[in-house]
Amino acid sequence: MTDPAKVRRHAERVRELVASVVRSQIKDPRLGMITITDARITADLRDATVFYTVLGDAAAQSGTAAALESAKGLLRSTVGKALGLRHSPTLTFVLDDVQDQVKHIDDLLAAARNADAEVQRLAAQAKYAGEAQPYRLDEETDESDEVAEDEDDNPPAGGDRR
C-alpha cells in the first residue's frame with residue numbers, strides 16, 4: 001500500500017509540473033488563459049486527474065481542452081521523467097467549473113437576501129388579527145384576588161375539624 005503523504009506529494013508535484021510545461025513549452029494557439037487548480041493521483045500512482053480553469057467563453061474552454069488533449073503525450077513524458085516512477089501516470093484533464101459554482105451560490109444568496117427583505121417588509125406592515133393585547137388586564141381581577149387572600153387568612157367558623 002502506498003503512503004497517503006507520498007501520494008499527496010506526487011499529486012502536488014504533478015500539478016506544478018503540468019502548470020510549468022503549459023506555461024513554458026506548449027505553444028498551441030488554442031490554449032487560452034489557463035490555470036491549473038488541482039491534481040489528484042490514485043493510490044497506485046497510475047492515473048492522475050488534473051483540474052484546470054479557463055478564462056473566457058465556451059469556445060475558449062473547448063479550444064483549451066483540445067490543446068491539452070493534443071499535448072497530453074508531452075505532458076505525460078515530462079511528468080514521468082520528473083517523478084522518477086516506474087510507470088508514468090496517465091493524465092486526464094477535467095475542466096474545474098468553480099467559477100460557475102461560485103456564480104450559482106452568489107445567485108442563491110442574493111435570492112435569499114431578497115426573500116428576507118420581503119419578509120421584513122411584510123412584517124413591518126403587519127397588524128394584529130385581533131387586539132394588540134389579547135389577554136384581559138382588568139383591575140377587577142386584582143381586587144378579587146385580594147378578597148380571596150383575606151378569606152384564606154380567616155378559617156371558617158364552626159367547621160368540621162378533623
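Not counting residues up to four places away in sequence, which residues does His10 touch? In this predicted model, the residues that His10 touches, with those sequence neighbours left out, are Leu45, Leu83 and Leu85. His10 itself lies in helix α1, which spans residues 4-24, and because its relative accessibility is 14%, under the 20% limit, His10 counts as buried.

Turning to the whole chain, the protein has five helices and three strands, and from the N terminus on these elements follow the order α-β-β-α-α-β-α-α. Of the contacts between residues at least 6 apart in sequence, 62% join residues at least 24 apart. The table gathers some percentages for the protein chain.

| Feature of the protein chain | Value |
|---|---|
| Buried residues | 20% of the 162 residues |

The last topic is empty space. Rolling a probe the size of a water molecule over the atoms shows where such space is left. The largest pocket holds about 190 Å³ of space, and the elements that give two or more residues to its lining are β2 (47-55) and α4 (98-125). Residues that line this pocket include Thr53, Val54, Leu55 and Gly56, and also Val98, Gln99 and Asp100. How many nonpolar, polar and charged residues does the lining of the largest pocket have? Sorted by class, the lining has four nonpolar, five polar and three charged residues, with Leu95, Asp96 and Asp97 also among the lining residues.

How values were computed
Residues numbered from 1 in each chain as written. Predicted model: local features only at pLDDT ≥ 70, side-chain atom pairs only at ≥ 80, totals over all residues. Heavy atoms only, no water. 1 Å grid on protein atoms, 1.4 Å probe; cavity = no way out; pocket = protein on both sides within 12 Å on 5 of 7 lines; lining within 4 Å. Points joined across faces, edges and corners; volume = space filled by probe spheres on them. Helix = DSSP H or I, 4+ residues; strand = E, 2+ residues; numbered from the N terminus. Nonpolar A, V, L, I, M, F, W, Y, C, P; charged D, E, K, R; others polar. Buried < 20%, exposed > 50% of the residue type's maximum accessible area, 1.4 Å probe, protein only. Contact = heavy atoms within 4.5 Å.
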